[in-house]
Amino acid sequence: MKKLLSYLLLSAMVFCLAGCNEAEAPSSNGDTSHITASQPHESAGENTNVSISYTESGFESAPIKATGDFFAMDTVMSLQVYAKDEATAKEAIDAGAAEIIRLDRKLSTNRPKSDIYRINEKGEGTLDEDGRYLMTRSLDFYKKTNGAFDIAIYPIVKAWGFTTSEFQIPSNATLEKLLPISRTSELSYDADKGVVKFNKSDMGIDFGGIAKGYASARLMDIFREHGIESALCSLGGNVQLLNGKPNGDAFKVAIQNPFAPNEDYAGVLTAIDEAVITSGSYQRYFEKDGQRYHHIIDPTTGKPADNGIVSSTVVCKDGTLADAYATALFVMGVDDATAFWRSHADEFDMILITDDDTIHISEGIADRFEPMDQRFSNINVLSRNG
Ligand code: AMP
Ligand code: MG
């Protein structure tokens, strides 16, 4: 509980400072001779409490600004709505939180009652409406990203201990055994019936690289259904915005500094009605013998992607796509990610931060991004035509 409170204080502070991106849990970077981890593994309790606070927004059309914070999907969730009164704001936030908790229970790879847990145990199963949507989109993203985004990576994610926080470094022999079963091409899916079947034993799927983006997209629908015209959510740092502020002004979304995620921002993006979703090696990792091992796996090696990217942010209207692509760009590395962006520039914009302190930003959003840390004086604006 104390841990949760400190997360909430931290995120509240960041909200005041720069809009809506929140800080992650404090990382532990001490003695590296044994394993240290970035984030304690906690799952949402069955009775997740949503604490809502209300303030006056100063906008006539929506005088109440309400913020609801809670813990789900292993991270801190923060929902913020502008509403005509407290009752409307509370209904919208409660409905949004209920939706996230519903999706968490259904999509978690850890909860024995979840749909995904059941399918992974049996090697087959039928997906419901949310699962079918995510499966169809994941298959499409797998193809489009040439396998960089791959939900069938689950056996390898598990072997590294990221599902349980019992971290370990799998041997090369283990990875060689797991690589052939950790790919979407070994999975059969009957889209009409929603039936998934694994072609090999010990396969598994994990929507962890896409679930928060889908959840944030669902939240925007729910807020709209409740008559809200201005809102945002930050799901563990993944932000989606419903319109702008009640007066039409843009929101300011802080992009975390991947080198000091709890203290500092790399920059601030001005945005309206879109998702701003980040994958980062600082978000979930452990350290052993001075080496950091993070949770975004390169499906070609079975190891944490290691190509110089330390954070990848995707900006576009579609939260689900933004989440999948943020993960995929991280795996691709700057050159392939840039080529991928050039051939999909109508779909999204991106900000990549690399370990040489450079910010690579696509030209579509460069004029609304303001760097906030002198460390990043090197800004590489990517043009569509190279
Ligand atoms: P994200 O934070 O959205 O980049 O998602 C990372 C999570 O997605 C990890 O914790 C894994 O559960 C899963 N994952 C790891 N590597 C991949 C990958 N290459 N493709 C799809 N999902 C992945
Ligand atoms: Mg993702």
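Predicted model: local features only at pLDDT ≥ 70, side-chain atom pairs only at ≥ 80, totals over all residues.
Residues are numbered from 1 along each chain as its sequence is written, chains are lettered from A and ligands numbered from 1 in the order in which they are written, and side-chain values use heavy atoms, with hydrogens and water left out.

**Terms for strands and helices**

- Helices (H or I, at least four residues) and strands (E, at least two) are DSSP runs, numbered from the N terminus.
- Two strands count as paired if DSSP finds at least two bridges between them.
- Strands of a sheet pair through backbone hydrogen bonds, either parallel or antiparallel.

- Ten strands make up an open sheet with mixed pairing, in the order 2-3-4-8-9-12-17-18-19-21.
- Strand 2 (51-56) and strand 21 (378-382) stand at the edges with a single partner strand each, so one side of each has no neighbour in the sheet.
- The twist from one strand to the next averages 15° (axes are lines fitted to C-alpha atoms, for helices over the stretch in contact, and angles run from 0 to 180 degrees between N-to-C directions).
- Helix 8 (residues 319-332) lies across strand 9 (238-242), strand 12 (275-280), strand 17 (309-316) and strand 18 (349-354), and runs at about 155° to strand 17.
- Helix 9 (residues 334-343) also packs on the sheet, touching strand 17, strand 18, strand 19 (358-362) and strand 21 (contact means heavy atoms within 4.5 Å); its direction makes about 175° with that of strand 18.

- An open sheet of three strands has antiparallel pairing and the order 5-7-6.
- Its edge strands, strand 5 (124-126) and strand 6 (187-190), each pair on one side only.
- Neighbouring strands here are turned by 10° against each other on average, direction ignored.
- In strand 7, V195 is the bridge partner of T126.
- Helix 3 (residues 115-122) packs on this sheet, touching strand 5 and strand 7, and its direction makes about 145° with that of strand 5.
- Helix 4 (residues 129-144) touches strand 5, strand 6 and strand 7, its direction making about 125° with that of strand 6.

**A hairpin**

- Strand 13 (residues 285-288) and strand 14 (residues 291-294) run antiparallel and are joined by four bridges.
- The bridge partner of F286 in strand 14 is Y293.
- The hairpin has two residues between the strands, and D289 takes a positive phi near 50°.

- Of the 17 residues around ligand 1, D150, D206, S279, I297 and T327 come nearest (a residue is near if one of its heavy atoms lies within 4 Å).
- Helix 8 gives the most to this shell, with three residues.
- A polar side-chain atom of S279 lies 2.6 Å from an oxygen atom of ligand 1, and a polar backbone atom of D150 is 2.9 Å from a nitrogen atom of ligand 1 (a polar contact is a pair of N or O atoms within 3.5 Å; within protein, one must be able to donate a hydrogen and the other to accept it, and residues adjacent in sequence count only if both atoms are side-chain atoms).
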